[in-house]
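Subject: Handover of a structure

Dear colleague,

Please find below the structure that I am handing over to you.

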Amino acid sequence: MVDSNVKKNSKFAAILSQLRKERGSSQKKTAEDLGISQALLSHYEKGIRECGLDFVIKCSEYYGVTTDYLLGVSESRYGIDEENLFSSSLSDGDGTSFSTISQATKLLLEIATASSAEKDTAQYISDYYMLCIYRGALTLAKSGKLPQEMFRLDYSIGHELASAAISMLDARFVFMDDKSRTGEDFVNQTELHTLIEEAENYILNTFASE
């Protein structure tokens with residue numbers, strides 16, 4: 001039977017090596033940043049030697065992940081409960097629930113990426129969602145719910161550039177060929193129906209003149 005400490009050290013070693021490679025940094029550079037020798041870092045990444053708690057904390061700050069993730073205790077890098085993230089609603093039950101947004105997004109992306117969908121349309125949807133989610137992540141970071149280390153750009157600069165990129169996509173939408181059609185593909189009400197209805201209500205309530 002393998003000792004539990006050996007298993008934990010093996011997980012830590014693998015994750016430590018993975019994070020460095022994801023960053024595209026050499027062992028030499030990373031070791032210098034962490035204040036240890038390259039040989040010692042190599043031993044840590046191979047699981048040959050165990051490190052102290054101080055080094056685990058330093059690595060956690062360096063890579064912007066939780067110590068639990070580094071040690072293989074949690075699969076969440078940033079301490080977020082992904083399983084329950086979309087099961088809750090907005091505050092006071094007001095507005096569209098995260099579950100509706102999640103399911104509607106899943107359905108819309110499935111339609112966009114279906115084999116019959118045009119490649120340009122699918123790419124447009126993908127880019128648009130990516131930028132919107134990025135701006136949402138910036139909002140969470142600014143409110144302290146995501147670590148600053150996740151971002152290379154300053155919050156304000158990142159938000160402005162993402163907004164500019166979305167404006168460019170909006171311009172492409174104006175010139176997109178109109179191939180709209182009528183007909184009901186969904187027999188039953190879906191989350192996409194719900195999201196569209198609530199989005200249009202939000203727009204009308206926000207911008208419609210008295």
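I begin with Glu110, which counts as partly exposed because its relative accessibility is 42%. Here, buried stands for a relative accessible area under 20%, exposed for over 50%, and partly exposed for what lies in between, with a 1.4 Å probe and protein chains only. Please note that this is a predicted model, in which local features need pLDDT of at least 70 and side-chain atom pairs count only at pLDDT 80 or more, while totals for chains, interfaces and linings use all residues. Residues are numbered from 1 along each chain as its sequence is written, and side-chain values use heavy atoms, with hydrogens and water left out.

Salt bridges

Glu110 is paired with Lys106 in a salt bridge, and their closest N and O atoms are 2.7 Å apart. The term requires a side-chain nitrogen of Lys or Arg within 4 Å of a carboxyl oxygen of Asp or Glu. Both residues belong to helix 7 (residues 98–112), where they are 4 residues apart, about one turn of the helix. Lys106 is also partly exposed, at 48% relative accessibility.

The whole structure holds 3 salt bridges. Another one joins the side chains of Asp33 and Lys29, at 2.7 Å from N to O. These two residues are separated by about one helical turn, because they stand 4 residues apart in helix 2 (residues 27–34). Asp33 is partly exposed, with a relative accessible area of 37%, and Lys29 is partly exposed at 42%.

Glu45 and Arg20 also meet through their side chains in a salt bridge, again with 2.7 Å from N to O. This pair links distant parts of the chain, since Glu45 is in helix 3 (residues 38–46) and Arg20 in helix 1 (residues 4–23), 25 residues apart. Glu45 and Arg20 are both buried.

Overall composition

The protein chain has 10 helices and 0 strands. Of its 210 residues, 26% are buried. Its accessible surface is about 15,100 Å², and carbon and sulfur atoms account for 54% of that; such areas come from the Shrake-Rupley method with a 1.4 Å probe, and for residues only the protein chains shown count as cover. Of the contacts (heavy atoms within 4.5 Å) between residues at least 6 apart in sequence, 54% join residues at least 24 apart.

Nonpolar cores

A nonpolar core is a set of buried Ala, Val, Leu, Ile, Met, Phe, Trp, Tyr and Cys residues joined through side-chain atoms within 4.5 Å. The largest one has 17 residues, and those touching the most other members are Leu16, Leu19, Phe55, Cys59, Tyr63 and Leu70. Two or more residues each come from helix 1, helix 2, helix 3, helix 4 (53–63) and helix 5 (67–70). Helix 4 supplies the largest share of this core, with 5 residues. Apart from this core lies another, of 7 residues, including Ala112, Leu131, Ala162 and Ile166.

Neighbours within four places in sequence aside, Leu19 is in contact with Tyr63, Val65, Tyr69, Leu70 and Arg77.

Ala13 is part of helix 1 and counts as buried, because its relative accessibility is 3%. Beyond its neighbours within four places in sequence, Ala13 is in contact with Tyr44, Glu45, Lys46 and Gly47. The C-alpha atoms of Ala13 and Lys46 are 5.8 Å apart, although 33 residues separate the two along the chain.

In helix 2, the buried residues are Gln27, Thr30, Ala31 and Leu34. They lie on the same side of helix 2, because they cover an arc of only 100° around the axis; the arc is taken over the directions from the helix axis to the C-beta atoms. Lys28 and Glu32 are exposed residues on the face turned away from the buried side of helix 2. After helix 2 comes Gly35, with a positive phi near 75°.

A nonpolar surface patch

Leu153, Ile157 and Leu161 together form a nonpolar patch on the surface, with about 270 Å² of accessible area. Patches consist of residues with over 30% relative accessible area and no salt bridge, like charges being joined within 9 Å and nonpolar side chains (Val, Leu, Ile, Met, Phe, Trp, Tyr) within 5 Å. Leu161 is located in helix 9 (residues 155–174).

With kind regards
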